[in-house]
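Visitor: I have a protein model on my screen and would like to learn to read it step by step. Could you walk me through it?

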Amino acid sequence: MERKTVTKFRWFWAWNDEKEERWLEEMARQGWHLERPGFPGFYHFAAGEPREVAYCLDFRSDSLTKLAEYRQICRDAGWEEVGRMGSWHYFRKGFADGRLPEFFSDRASRAQKYQRLLLFLVIMLPLVLNGVRLLLRREPTALRDVLGGLYGLVLLGMAVAIIRLIMRIRELKKG
């Protein structure tokens with residue numbers, strides 16, 4: 001019997017990861033279980049029995065050794081790693097006693113996830129800015145104009161993401 005799968009596209013911003021988690025949980029209640037996240041915005045699901053499962057996304061860009069330790073800690077706590085999309089790790093765990101399992105123990109540990117992502121973006125920003133600088137040194141062409149426009153969109157997206165992540169971190173720290 002052929003296994004039924006579906007790929008869905010749905011865009012989420014990093015500061016709205018809880019919304020993404022709730023959507024994945026709703027898909028599982030409908031019998032669609034995440035097989036793996038794909039290219040940003042693409043999700044691959046397999047049909048199965050409807051289940052109550054919790055999903056959690058975490059951002060980690062650690063060394064391979066630290067990632068192995070981190071994954072083991074998550075497995076020991078009963079979380080299954082479904083897949084990765086870049087430095088985003090997707091985990092799931094079944095409900096215990098009808099209660100939603102918690103991946104993060106408190107608001108401060110959730111804020112740390114956003115701080116890791118913010119640090120990553122701040123480190124990447126000079127690289128992107130350097131790409132713009134190099135691009136603008138070339139003779140004007142249609143390709144340069146298109147690439148310049150794309151770089152501009154990337155910079156705008158990074159700026160918005162940095163601002164929204166700072167706001168999210170402050171919100172979590174206020175309680």
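Guide: What follows is a set of questions and answers about sheets, cores, a helix and ring pairs. This is a predicted model, in which local features need pLDDT of at least 70 and side-chain atom pairs count only at pLDDT 80 or more, while totals for chains, interfaces and linings use all residues. Residues are numbered from 1 along each chain as its sequence is written, and side-chain values use heavy atoms, with hydrogens and water left out.

Visitor: In the open sheet of 3 strands, what is the order of the strands?

Guide: Helices (H or I, at least four residues) and strands (E, at least two) are DSSP runs, numbered from the N terminus, and two strands pair if DSSP finds at least two bridges between them. Strand 1 and strand 3 are antiparallel partners over 5 bridges, and strand 2 and strand 3 are also antiparallel over 5 bridges. Strand 1 (5-9) and strand 2 each have a single partner strand and stand at the edges, so one side of each has no neighbour in the sheet. The order is therefore 1-3-2.

Visitor: Which residue in the turn of the hairpin formed by strand 2 and strand 3 has a positive phi?

Guide: The hairpin leaves 4 residues between strand 2 and strand 3, and within the pairing Pro37 stands opposite Tyr43. The residue in the turn, with a positive phi of about 95 degrees, is Gly41.

Visitor: Which residues of the largest nonpolar core touch the most other members?

Guide: A nonpolar core is a set of buried Ala, Val, Leu, Ile, Met, Phe, Trp, Tyr and Cys residues joined through side-chain atoms within 4.5 Å, where buried means under 20% relative accessible area, exposed over 50% and partly exposed in between (1.4 Å probe, protein chains only). Among the elements giving two or more residues to this core are helix 1 (17-29), strand 3 (42-47) and helix 3 (107-136). Tyr43, leaving aside neighbours within four places in sequence, is in contact (heavy atoms within 4.5 Å) with residues including Phe12, Trp23, Leu24, Leu34 and Tyr90. Of the 30 residues in the core, those that touch the most other members are Leu24, Leu34, Tyr43, Phe45 and Tyr90.

Visitor: Why is strand 4 largely enclosed by the rest of the structure?

Guide: Val53, Tyr55, Leu57 and Phe59 point one way from strand 4, whereas Ala54, Cys56 and Asp58 point the other way. Strand 4 is also joined to strand 6 by 7 antiparallel bridges, with Val53 opposite Gly94. Strand 4 is largely enclosed because its buried residues number 7 of the 7.

Visitor: How far does helix 4 reach from its first C-alpha to its last?

Guide: Helix 4 (residues 142-174) has 33 residues, and the expected span of a helix is 1.5 Å times one less than its number of residues. Its buried residues include Met158, Ile162 and Leu165, and the helix is followed by Gly175, whose phi is positive, near 90 degrees.

Visitor: Trp13 and Trp15 form an aromatic pair; of what kind is it?

Guide: Rings of Phe, Tyr and Trp (its six-membered ring) pair if their centres lie within 6.5 Å, and planes under 30 degrees apart count as stacked, over 60 as edge-to-face and the rest as tilted. Trp13 is partly exposed at 41% relative accessibility, whereas Trp15 is buried at 8%. Their rings lie 5.3 Å centre to centre with 5 degrees between the planes, and the pair is stacked.
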